[in-house]
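Visitor: I would like to learn how to read a structure like this one. Please take me through some of its features.

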Amino acid sequence: MNENLALPVGTTLDRFIKQKQVDFPFATGELSQLLRDIALAGKIINREINRAGLIDLTTSLGTQNVQGECQQKLDVVANIRFVRALKNGGEVCAVISEEDDEMIDTGNHHGRYVVAMDPLDGSSNIDANVSIGTIFSIYRRVTPVGTPPGLEDVMQPGTRQVAAGYVLYGSSTMLVYTTGHGVNGFTYEHSLGEFFLSHPNMRIPQTGTVYSVNEGYFHDFEPDVRELVESYRVRRMTARYIGSLVGDFHRNLVKGGIYLYPPTRKDINGKLRLLYECYPLAFVVEQAGGLATDGHRRILDIAPQALHQRTPLYIGSRELVEEIRLEEKIGQGKANGEKARTEKVLA
Ligand code: P6P
């Protein structure tokens with residue numbers, strides 16, 4: 001019989017997770033279940049996004065989140081859906097989210113994991129129908145199982161992540177994640193309601209010709225950052241910036257390139273958040289052979305000081321990130337510390 005008449009549909013996320021569970025000799029399936037819970041929430045958000053224009057979910061609520069950013073209806077919906085999926089899944093004892101000022105105790109005090117997430121990054125693009133994404137980071141809790149979670153569970157350094165990834169709601173919906181054994185990408189097949197392995201063992205090119213930065217802030221940047229961006233122009237690199245971190249990051253992961261969010265007058269420590277945007281993407285990019293720094297040190301080596309702490313971010317192809325050696329401004333670390341101290345610091 002002609003096999004082409006019935007080509008295999010490929011490996012589902014579920015089967016992949018089961019197959020990979022052997023990578024965790026002491027795995028009891030809890031992390032696997034947690035990854036499934038995240039994938040489920042991603043499917044639900046994907047449905048909300050796809051019909052947002054039809055059920056008036058594209059507009060803003062007129063409220064602000066803890067960052068003082070205008071909340072889109074879908075921001076709030078995504079946050080509710082993810083927190084609910086993690087609560088109902090039972091594996092997670094605590095969540096921190098861009099949309100919530102404080103740590104969320106899920107009540108699952110026997111849950112062994114905590115999640116840090118940006119439920120819907122780039123949401124200001126929703127009404128322009130531009131790709132947006134969810135970013136997540138998973139840690140093992142450090143407080144005893146069976147007790148209420150503490151801030152020490154969610155304020156762990158990026159090197160302690162056990163898994164991280166993102167859901168990209170783009171021309172196709174993809175889940176890309178790592179558990180420390182490489183990076184794998186799954187594409188959502190709507191008709192079957194399943195994520196299928198479409199990008200096994202993703203590797204970012206060691207260099208690239210794309211740079212992603214908001215050049216509207218060019219005159220805000222420090223002189224050495226202006227020189228860097230100028231050098232990209234001289235090298236005739238290609239500027240690609242869609243204003244959605246997950247979209248820019250994913251394109252650079254696939255094609256090679258660098259994304260930069262340097263300090264600006266408005267955001268003196270950069271705009272992006274360390275715990276639920278930079279740490280997870282830094283874990284993914286390093287597992288794919290790339291690199292992420294704040295211009296001086298690895299993102300994963302930065303010690304967390306506050307739940308919603310911001311950091312400059314330079315992330316992508318290793319050679320492009322390695323060439324960035326910005327001089328540390330006197331007191332900049334102090335500035336970071338001071339800024340952090342005003343942002344919900346660990347008591
Ligand atoms: P700007 C979206 O708000 C976001 O956090 C990232 O997704 C995006 O790359 C960046 O901010 C865009 O910021 O200041 O260039 O509009």
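Visitor: In which loop does Arg 236 lie?

Guide: Arg 236 lies in the loop between helix H5 (223–234) and strand S12 (238–239). Helices (H or I, at least four residues) and strands (E, at least two) are DSSP runs, numbered from the N terminus. This is a predicted model, in which local features need pLDDT of at least 70 and side-chain atom pairs count only at pLDDT 80 or more, while totals for chains, interfaces and linings use all residues. Residues are numbered from 1 along each chain as its sequence is written, and side-chain values use heavy atoms, with hydrogens and water left out.

Visitor: What is the phi of Arg 236?

Guide: Most residues other than glycine have a negative phi. Arg 236 is not a glycine, yet has a positive phi of about 55°. Asn 201 also has a positive phi, near 50°, and is found in the loop between strand S10 (194–199) and strand S11 (210–212). Gly 289, which follows helix H7, has a positive phi near 95°.

Visitor: Is Arg 236 buried or exposed?

Guide: Buried means under 20% relative accessible area, exposed over 50%, and partly exposed in between (1.4 Å probe, protein chains only). Arg 236 counts as exposed because its relative accessibility is 68%. Asn 201, at 49%, counts as partly exposed. Helix H7 (residues 274–287) is mostly covered, with 13 of its 14 residues buried.

Visitor: Which residues does Thr 134 contact beyond its sequence neighbours?

Guide: Contact means heavy atoms within 4.5 Å. Leaving aside neighbours within four places in sequence, Thr 134 is in contact with Phe 82, Asp 118, Pro 119, Leu 120, Gly 165, Tyr 166, Val 167 and Tyr 169. Thr 134 lies in strand S6 (residues 132–140) and counts as buried, because its relative accessibility is 0%.

Visitor: Which side chain is joined to that of Thr 134 by a polar contact?

Guide: A polar contact is a pair of N or O atoms within 3.5 Å; within protein, one must be able to donate a hydrogen and the other to accept it, and residues adjacent in sequence count only if both atoms are side-chain atoms. The side chain of Tyr 169 is joined to that of Thr 134 by such a contact, of 2.8 Å. Another case is Asp 248, whose side chain makes a polar contact of 3.1 Å with the side chain of Arg 251. Asp 248 is found in helix H6 (residues 245–255) and is buried, with a relative accessible area of 0%.

Visitor: How do the axes of H2 and H3 cross?

Guide: Axes are lines fitted to C-alpha atoms, for helices over the stretch in contact, and angles run from 0 to 180 degrees between N-to-C directions. The axes of H2 and helix H3 (residues 73–89) come within 9 Å and cross at roughly 155°. Angles under 35 degrees count as roughly parallel, over 145 as roughly antiparallel, 65 to 115 as roughly perpendicular and the rest as oblique. H2 and H3 are therefore roughly antiparallel to each other.

Visitor: Which residues of H1 and H2 meet?

Guide: Leu 13, Asp 14, Ile 17 and Lys 18 in H1 meet Ser 32, Leu 35, Arg 36 and Ala 39 in H2. The axes of helix H1 (residues 13–20) and helix H2 (residues 30–50) come within 10 Å and cross at roughly 160°.
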